[in-house]
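Subject: Structure to look at

Hi,

Here is the structure I promised to pass on to you. Have it open while you read, and my notes on what turned up follow below.

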Amino acid sequence: MFELTYTSPNIFEVNREYAYAPYIKTAKGYYKGELKHFSVDLIKINNDQISVVPAGKSFTLQGDFSQMSKDFYLTLTSQDYYNVPHTVTLPFEVAKDAKSIKIKAPKLNVYHGKEYEILLNTQSKNGENHKSRFFSTLKILANIDTPKVNEIYITDDIPITGYALPIENNHDLKITIEGKNTPLYKWNEND
């Protein structure tokens with residue numbers, strides 16, 4: 001058993017596949033070992049906590065993002081009311097010191113209280129060899145608009161609009177009216 005440490009004179013590219021094969025030279029010849037493949041990914045987030053963010057707002061993660069280049073993009077996949085999958089590309093900006101990244105949460109096709117995995121994606125320069133890996137987890141909060149109705153009667157429905165409103169009634173979203181918290185429910189004419 002032996003151990004060897006190799007320091008490359010060049011910087012390894014993130015997610016590019018490299019390979020090496022150990023060999024031994026003896027008096028009788030060369031003996032080549034099995035080819036070993038590896039890739040390098042030094043992009044790291046300082047903590048793996050879930051980011052809780054209102055729909056459409058930005059949030060910041062701390063870590064080492066010095067290896068992120070224009071070839072990277074972040075995605076989130078969700079399902080709408082009819083269980084149709086939607087993949088959304090998330091806009092982001094890496095800080096100049098590369099120690100933080102600011103990401104904008106989506107407004108559409110995400111729902112209050114749901115958790116979504118953010119994936120870090122990259123493609124090789126020729127557009128092939130798509131790779132993705134888990135990056136972070138995002139929990140969405142609804143973003144409710146201020147009501148536009150000035151006068152509401154006791155028999156009137158209160159029109160609630162906004163982004164990421166829940167699609168199911170088993171949620172924790174509450175609204176405050178005159179200092180009183182009440183759960184947000186959806187009714188239809190058949191209820």
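**What turned up**

Asp156 sits in the loop that runs between strand E14 (143–144) and strand E15 (162–163). Before going on, keep in mind that this is a predicted model. With a relative accessible area of 36%, Asp156 is partly exposed.

Now for the strands. As a bit of background, strands of a sheet pair through backbone hydrogen bonds, and the pairing can be parallel or antiparallel. Here, four strands make an open sheet in the order E5-E7-E11-E10, with antiparallel pairing. Which strands are at the edges? They are strand E5 (44–45) and strand E10 (92–94), each of which pairs on one side only. E10 is joined to strand E11 (residues 100–104) by three bridges, in the antiparallel sense. To see one of the partners, go to Val94 and look across to Ile101 in E11.

There is also a hairpin to look at, which links E2 to E3 through two residues. Strand E2 (residues 23–26) and strand E3 (residues 29–32) are antiparallel and pair over four bridges. If you pick Tyr23, you'll find that its bridge partner in E3 is Lys32.

Next, the charges. Side chains of opposite charge can pair when their charged atoms come close. Arg133 counts as partly exposed, at 27% relative accessibility. Asp41 is partly exposed as well, with a relative accessible area of 21%.

While you're in E13, have a look at Thr137, which is in that strand. Is Thr137 buried or exposed? Its relative accessible area is 16%, and buried means under 20%, so Thr137 is buried. Leaving out neighbours within four places in sequence, Thr137 is in contact with Gln49, Ile50, Ser51, Glu115 and Tyr116.

Another threonine is worth a click: Thr75, in strand E8 (residues 72–79). Thr75 counts as buried, at 8% relative accessibility. The side chain of Thr75 is joined to the side chain of Asn121 by a polar contact of 2.9 Å. Asn121 is also among the residues that Thr75 touches when neighbours within four places in sequence are set aside; the others are Thr87, Val88, Thr89, Glu117, Ile118 and Leu119.

Last, the surface. Which residues form a nonpolar patch there? They are Phe2, Leu4, Ile24 and Tyr31, and together they have about 500 Å² of accessible area. Leu4 comes from the segment before strand E1 (17–20). Leu4 has 71% relative accessibility, and exposed means over 50%, so Leu4 counts as exposed.

Cheers

Terms used:
Residues are numbered from 1 along each chain as its sequence is written. This is a predicted model: local features need pLDDT of at least 70, side-chain atom pairs count only at pLDDT 80 or more; totals for chains, interfaces and linings use all residues. Side-chain values use heavy atoms; hydrogens and water are left out. Patches are made of residues with over 30% relative accessible area and no salt bridge: like charges are joined within 9 Å, nonpolar side chains (Val, Leu, Ile, Met, Phe, Trp, Tyr) within 5 Å. Accessible areas come from the Shrake-Rupley method with a 1.4 Å probe; for residues, only the protein chains shown count as cover. A salt bridge is a side-chain nitrogen of Lys or Arg within 4 Å of a carboxyl oxygen of Asp or Glu. Buried means under 20% relative accessible area, exposed over 50%, partly exposed in between (1.4 Å probe, protein chains only). Two strands pair if DSSP finds at least two bridges between them. A polar contact is a pair of N or O atoms within 3.5 Å; within protein, one must be able to donate a hydrogen and the other to accept it, and residues adjacent in sequence count only if both atoms are side-chain atoms. Contact means heavy atoms within 4.5 Å.
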